[in-house]
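Open the model in your viewer and show the side chains.

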Amino acid sequence: MTINTGAPVVVGVDGSAAALDAVRVAAREAGYRHRPLRVVHAFSSPLTAAAAFGTAPFALPLDDLRKQAEEYVAEAVAEATKLAPDVPVTGAVADGAATPVLIDESHHAALVVLGHRGLGGFAGLLVGSVTVQVSARAECPVLVARGEARADGPVVVGVDGSALSVEAVGFAFEEASRRDAPLVAVHAWLDPVAVLPGDVLPMAEDLKALADDEERVLAESVAGWAERYPDVPVRHRLVHGSPAQVLVDEARDAQLVVVGAHGRGALGGLLLGSVSHAVLHHAHSPVAIVRHPRTAGRS
């Protein structure tokens, strides 16, 4: 299949080692999707950057800083081209702060890829302000590169039955099909606990009914997508435990972890809250965050 000229995979770079890791992941993702790759560096003037980060202006002249930014992009383009010679790769230095630049790029992208930490214009990418804000506001899925990219292992997706969880499941099926990988659908749940004085804990039979309900949520969330992707082997994982810890544990040998941008129930707080932060901080695999319905197949 030839690479199409539709919406690109976009990767943010800043000259850091983590950004080059993200470029390698992005090049592979572009190849999987038969998409072009666009390498972007967000460039702010020294005064603008100093105001944003509360620091003194940089000592280098503006022309030298822009030349340095262009070198970051050129290095990243060369690395991507080396790894994925069949993928068309372009680069750009975009004026502005990293967050608004990347959000703007996401309006025309199939996927945005970020490193898990960075320097300069992408400072704080250790699940910091840029990653959180872009993941929460991007108009396409965001993939945060963590650890070494793997070509084996399953795609793992967190399931809670919410609308965005269903979209995350669909994105995960699409990724598993592209990668010829199995899918592990994970739903974690905890027993109800007495919160107020006088509350009565549920009986054993009630807990069994609750477990059956949780199993039904998992099965129903996966069923329709499994019919669309009969080529993807699926394993259901209904786990009694903390959703954040369960996903981190399941992600240990995964080549990709997928979560919705927010959810409810067992995986509630996914608006880059406790679960998402735990996965982004501790997973040893790239993490994809799906915020909008029907964005995975953007033309």
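Buried means under 20% relative accessible area, exposed means over 50%, and partly exposed lies in between. Keep those cut-offs at hand. The model is a predicted one. It holds 14 salt bridges.

**Stop one: helix α6.** Select residues 163–179, which form helix α6. Now pick Glu 175 and Arg 179 within that helix. They sit four residues apart, about one turn of the helix. Their side chains meet in a salt bridge, 3.1 Å from N to O. Is Glu 175 buried or exposed? Glu 175 is buried, with a relative accessible area of 0%. Arg 179 is buried too, with a value of 9%.

**Stop three: strand to helix.** Select Arg 237 and Glu 250, whose side chains form a salt bridge of 2.8 Å, N to O. Arg 237 lies in strand β8 (residues 234–240) and Glu 250 in helix α8 (residues 243–250), so the pair ties together parts that are 13 residues apart in sequence. Arg 237 has 28% relative accessibility, so it counts as partly exposed. Glu 250, at 17%, counts as buried.

**Stop four: Asp 249 and Arg 252.** Select Asp 249 and Arg 252. They form a salt bridge, with the closest N and O atoms 3.2 Å apart. Asp 249 is partly exposed at 33% relative accessibility. Arg 252 is partly exposed as well, with a relative accessible area of 48%.

Terms used. Residues numbered from 1 in each chain as written. Predicted model: local features only at pLDDT ≥ 70, side-chain atom pairs only at ≥ 80, totals over all residues. Heavy atoms only, no water. Salt bridge = Lys/Arg side-chain N within 4 Å of Asp/Glu carboxyl O. Helix = DSSP H or I, 4+ residues; strand = E, 2+ residues; numbered from the N terminus. Buried < 20%, exposed > 50% of the residue type's maximum accessible area, 1.4 Å probe, protein only.
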